[in-house]
Amino acid sequence: MTTPTAEITLRRPDDWHLHLRDGEMLKGVIGDTSRHFARAIIMPNLVPPVVTTSDARAYRDRILAALPAGDRFEPLMTLYLTEHTSADDVEEGKKSGLITAVKLYPAGATTNSHGGVRDIEKAMPVLERMAKIGLPLCVHGEVTTPEVDIFDREAVFIDTVLDPLRRRLPELKVTMEHVTTSDGIDYISSAEKNLAGSITTHHLIINRNAILVGGIKPHYYCLPVAKRESHRLALRKAATSGDARFFLGTDSAPHVDPLKECACGCAGIYTSINTMSCLAHVFEEEDSLDRLEAFASLNGPAWYGLAPNEERMTLVRQLEPVAYPAKIETGAGPVTVFDPMFPLHWAVAG
Ligand code: DOR
Ligand code: ZN
C-alpha cells in the first residue's frame, strides 16, 4: 500500500543527452528510458563511433528493434564529429530528417573519444556548413590539455575553444552539454543567442565530495567530473529557474560494474531509471515543482525546434520511499543505479 501526499502532472519528458550503447547493453537499458521519456538525443560514442548518416540509420534501426513491445520512443540521432567528417553527408543527414545534431568530443576527453577532434581547424568546413543549414552542435566542453587541472577543464574550454568558435561562427547553434560549473552557467546566461545548456540529474545532486570522501566511490565518477558545492548550487539555480536555455540531458551512461569497480574505472553514471524521481525531489527542495515541466519537457524541444509531447506524465509523492533496484541486470552484466543518498518519495504513476 502506498499513500499519496501530493502529485503533479507534466508533459511527457525527453532526455536531451543519453548513452544507450549497443548489443546486450542496449537491450538491457533501453526500457528504463522508453518507460518515461518520449524522445532522447542518442550519443554516438560507440566503438566504432557513429560517424556517417548511414551509421546513424543502422544504429537507429538497432535501437528501435531493442525497444520493449508496445513502448513508443523516438531516438534522435547524432553524428560523431571527426576531422574527416564530410559536410555533404552531414547536410544529407539533416535533410533526410535523421540527424538532430552533431557531437563534438575533443579527442581524449572521455569514454570512446579518441576518434574525436584534435584540431578544430580541420572541422571548420563541417561547422560552417552546420551554421548555414541550422544543424546544432552538441559539445563535450572540456579541454584535454594535460597541464589543465581536471576541475578547470570546462572553464578553460569556454575561454579557449567555445567562445572563439562562437565568435567565428555566430550563426552556429551550440548546446553546451552536461554543464558542471557556474562558469558554464554564467557563459550560457550571458549569451544573446544560439547557445543553450543541458544539465544532468546527478550534477544537481552530488558534488565532488560524493566521489572522494570516506573512500573512493566509482559510481559517482563521471565526466565532466562533479565540482565543488558552489557549482552544484549554481546548476540547481539555473535548472529550476525556468530559463528556456537550460534543459535536462541525463547523460545516463551505463558501464558494467567490473569496468567501474577497478583500478582505472570508467566515467559514467546510470540514472535513466530514477531520474524523474530524483528531479521531482530536487525541484521540490528548491520550491520549484511548477518549473519541472519547463526543464524536463518544454525547454529542450523548443531549443531543438520540435513540438513538446502531447502525452502527460503524473508524479505522485508517497509516504513510503519508492523502491528502485541497486543494480539492473543486463545481458552484458550488472549496472549500478545512481544512488542519490536520500530516499526518493516521488514515483512516476503513469
Ligand atoms: O561520464 C561520462 N560517461 N561522460 C561522458 O562524456 C561519456 C560517458 C560515457 O560514454 O560513458
Ligand atoms: Zn555523455
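User: How many cavities of 30 Å³ or more does the structure hold?

Analyst: The structure holds 2 cavities of that size. On a 1 Å grid over the protein atoms alone, a cavity is a set of points where a 1.4 Å probe fits but cannot get out, and lining residues have an atom within 4 Å of a point. Grid points are joined across faces, edges and corners, and a volume is the space filled by probe spheres set on the points. This is a predicted model, in which local features need pLDDT of at least 70 and side-chain atom pairs pLDDT 80 or more, while totals for chains, interfaces and linings use all residues. Residues are numbered from 1 along each chain as its sequence is written, chains are lettered from A and ligands numbered from 1 in the order in which they are written, and side-chain values use heavy atoms, without hydrogens and water.

User: How much space lies in the largest cavity, and what takes that space?

Analyst: The largest cavity holds about 130 Å³ of space. Its lining has 18 residues, with His19, Thr110, Leu223, Asp251 and Ala253 closest to the centre. Ligand 1 takes this space; a molecule sits in a cavity if more than half of its atoms lie within 2 Å of its grid points.

User: Which polar atoms does ligand 1 meet on His255 and Ala267?

Analyst: An oxygen atom of ligand 1 lies 2.7 Å from an N or O atom in the side chain of His255, and a nitrogen atom of the ligand is 3.0 Å from a polar backbone atom of Ala267. Both are polar contacts, that is, pairs of N or O atoms within 3.5 Å. The protein covers 100% of the 290 Å² of accessible area that ligand 1 has on its own (Shrake-Rupley method, 1.4 Å probe).

User: And the second largest cavity: which elements supply at least two residues each of its lining?

Analyst: Those are α9 (257-260) and β12 (333-336); helices (H or I, at least four residues) and strands (E, at least two) are DSSP runs numbered from the N terminus. This cavity has about 60 Å³ of space, and its lining includes His219, His255 and Phe338.

User: Changing topic, which residues lie nearest the centre of the largest pocket?

Analyst: They are Val117, Arg118, Ile120, Phe157 and Val161, out of 18 lining residues. The pocket, an open set with protein on both sides within 12 Å along at least five of seven lines, has about 280 Å³ of space. Helix α5 gives the most to the lining, with 6 residues.

How values were computed
A polar contact is a pair of N or O atoms within 3.5 Å; within protein, one must be able to donate a hydrogen and the other to accept it, and residues adjacent in sequence count only if both atoms are side-chain atoms.
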